[in-house]
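Student: I have a structure open and would like to talk it through with you. Shall we go one question at a time?

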There are 2 protein chains.
Amino acid sequence: MRVLGVDPGLTRCGIGVVEGVAGRPLRMLGVGVVRSPADSEIADRLVLIERGIEEWLDAHRPECVAVERVFSQHNVRTVMGTAQASAVAMLCAARRGLPVALHTPSEVKAAITGSGRADKAQVGAMVTRLLRLDAPPKPADAADALALAICHIWRAPAVNRLQRAVAAHRTTKGRLP
Amino acid sequence: MRVLGVDPGLTRCGIGVVEGVAGRPLRMLGVGVVRSPADSEIADRLVLIERGIEEWLDAHRPECVAVERVFSQHNVRTVMGTAQASAVAMLCAARRGLPVALHTPSEVKAAITGSGRADKAQVGAMVTRLLRLDAPPKPADAADALALAICHIWRAPAVNRLQRAVAAHRTTKGRLP
């Protein structure tokens with residue numbers, strides 16, 4: 001499975017592409033950041049983010065896109081930009097018919113480090129180890145995007161089983177009067 | 001000036017197209033709502049919103065798109081969807097090279113009714129009168145989109161003067177050591 005992870009942001013949108021299956025060594029295919037200037041109009045920034053993500057999708061042809069699920073409990077200004085950048089990432093993926101998976105920051109941390117409250121350095125260290133890199137990817141947004149992709153590869157089997165169970169339950173319920 | 005106003009939302013995204021200049025009677029060219037099913041995946045909903053807005057832009061070829069500026073002071077769940085729908089609207093406009101203007105709900109209310117704290121009914125009544133309609137447009141999201149477009153037509157001259165003044169000031173500052 002080839003997954004493109006997106007750590008959404010307007011100033012720095014982290015992108016990481018990982019290939020592999022749960023239980024086997026993973027391979028990093030690419031990592032980087034799509035940027036937009038903080039002093040540009042928001043609409044123009046979204047166009048730059050879209051263009052950048054499209055280039056990554058064209059270059060790596062992932063089967064799935066994993067995006068960080070945004071909560072609005074954080075800084076108000078930041079969260080709006082994050083929500084808008086994540087919308088662009090989801091739109092780019094869904095427009096191509098690619099499945100989009102959302103994972104929360106604590107799901108990602110728990111999957112990668114065993115603790116939902118791990119810090120950035122810990123996540124970076126585990127990403128470096130899991131992908132057998134020489135050094136943690138920088139900036140942190142790029143490492144977080146790789147962590148998202150890894151988290152998705154590892155969680156996908158469980159999430160799929162859950163979705164099948166829910167679908168089966170719904171079908172059963174639908175048959176009853 | 002032909003303006004397409006967008007009252008962003010995932011379930012109902014209000015759209016209103018108004019033509020005119022400040023100080024003259026205005027003309028409504030179209031009003032409606034782009035919908036996406038609440039039980040669909042968020043990524044698929046954003047694709048539907050994008051497709052709907054593109055159709056409106058194709059049909060009416062506005063010179064400018066006015067979008068409601070989203071704040072995160074409201075309901076957390078709603079505001080994320082609103083931010084994401086507004087991102088799609090801004091993206092669609094900016095991708096075509098159309099200028100995007102953001103107005104806050106209170107700027108719109110103040111422009112249309114004279115009070116930044118006017119209620120929905122008051123805004124609907126003024127939109128009906130200003131556009132010489134037989135009845136207030138429904139749902140409220142559609143009326144709000146028209147109000148945004150009207151607000152933009154009326155505020156644009158003042159905003160343009162302000163932007164020119166800021167630009168001139170920056171140029172002057174830039175010339176100094």
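This is a predicted model: local features need pLDDT of at least 70, side-chain atom pairs count only at pLDDT 80 or more; totals for chains, interfaces and linings use all residues.

Student: How many residues lie between β1(A) and β2(A) in the hairpin they form?

Tutor: The strands β1(A), residues 2-7, and β2(A), residues 12-19, pair in the antiparallel sense over six bridges. Within that pairing, A:Leu4 stands opposite A:Val17. The hairpin leaves a gap between β1(A) and β2(A) of four residues.

Student: In which sense do β1(A) and β4(A) pair, parallel or antiparallel?

Tutor: One bridge to look at joins A:Gly5 to its partner in β4(A), A:Ala66. Across four bridges, the sense of the pairing between β1(A) and β4(A) is parallel.

Student: Why is β1(A) described as largely enclosed by the rest of the structure?

Tutor: Buried here means under 20% relative accessible area. β1(A) is largely enclosed because, of its six residues, the number that are buried is five.

Student: Which residues does the UniProt annotation "active site" cover, and what is the largest C-alpha distance among them?

Tutor: The annotation comes from an unreviewed UniProt entry and covers A:Asp7, A:Glu68 and A:Asp141. They are spread over 135 residues of sequence yet cluster in space, with a largest C-alpha distance of 11.0 Å.

Student: Is A:Asp141 buried or exposed, and which side chain joins it in a polar contact of 3.0 Å?

Tutor: A:Asp141 sits in helix α5, residues 140-175 of chain A. Its relative accessibility is 15%, so A:Asp141 counts as buried. Beyond its sequence neighbours, A:Asp141 touches A:Asp7, A:Arg12 and A:Gly14. The side chain in the 3.0 Å polar contact with A:Asp141 is that of A:Arg12.

Key:
Residues are numbered from 1 along each chain as its sequence is written. Chains are lettered from A and ligands numbered from 1 in the order in which they are written. Side-chain values use heavy atoms; hydrogens and water are left out. UniProt positions are given in the numbering used here, feature names are shortened, and annotations may be inferred rather than shown by experiment. Helices (H or I, at least four residues) and strands (E, at least two) are DSSP runs, numbered from the N terminus. Buried means under 20% relative accessible area, exposed over 50%, partly exposed in between (1.4 Å probe, protein chains only). Contact means heavy atoms within 4.5 Å. A polar contact is a pair of N or O atoms within 3.5 Å; within protein, one must be able to donate a hydrogen and the other to accept it, and residues adjacent in sequence count only if both atoms are side-chain atoms. Two strands pair if DSSP finds at least two bridges between them. Lists of a residue's contacts leave out its neighbours within four places in sequence.
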